[in-house]
Amino acid sequence: MVWQFAAVLLAALVMSIVLSLWQHRRYIADVTAMAKAHAGKDLRLVSGRSKGRLQGAVVVLLLDPQTMIVEEASAMVGSTIFTRLRPAPELRGPLATLAERATNTHVRKAAESALEMLPAGLRPATARPAATTAGTSRIRLPKPTTGI
């Protein structure tokens, strides 16, 4: 009886690890596809998260630092590993009103968290100061080439 419990526990642990890695690979693939779609532009990629008891959210934003406009936005809202990043057109637009346009409490908190990751010069006046400057990256992908 003891070894069966240990086997079931080990199987559940391995399954949890495999499914978590699967979700992470899908997340990275979605972010990479978003970045490649805007290759050659000088955009900033920021992400934020919000955790809850039963549900959470992750927001990924591509914004133009010159115009202070969110060019592309995706949100992952849910409580299972089967949740994916989905386009969030309501978050596109001026950076100053990003939090007000969020339709979900967790998405709003994740958007505010993403704004906190911006450097001080790019942060709108309504955003709180960042605790760290980690979480931003400049996207400079080469332009796609055609032909062989």
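A salt bridge, as used in this talk, is a side-chain nitrogen of Lys or Arg within 4 Å of a carboxyl oxygen of Asp or Glu. The structure shown above is a predicted model, in which local features need pLDDT of at least 70 and side-chain atom pairs count only at pLDDT 80 or more, while totals for chains, interfaces and linings use all residues. Residues are numbered from 1 along each chain as its sequence is written, and side-chain values use heavy atoms, with hydrogens and water left out.

By this rule, there are 3 salt bridges. Helices (H or I, at least four residues) and strands (E, at least two) are DSSP runs, numbered from the N terminus.

I begin with R92 and E72, whose closest N and O atoms are 3.0 Å apart. This pair links distant parts of the chain, 20 residues apart: R92 sits in the loop between β4 and β5 (93–94), and E72 in strand β3. On accessibility, buried means under 20% relative accessible area, exposed over 50%, and partly exposed in between, with a 1.4 Å probe and protein chains only. E72 is therefore buried, at 18%, whereas R92, at 35%, is partly exposed.

Next, D30 pairs with R84 at a closest N and O separation of 3.2 Å. Here, too, distant parts of the chain are linked: D30 belongs to helix α1 (residues 2–37), and R84, 54 residues away, to the loop between β3 (69–78) and β4 (86–87). R84 has 33% relative accessibility, so this residue counts as partly exposed.

Finally, R108 and E112 meet in a salt bridge of 3.2 Å, N to O. Both lie in helix α3 (residues 105–116), 4 residues apart, about one turn of the helix. R108 is partly exposed at 30%, and E112 is partly exposed at 25%.
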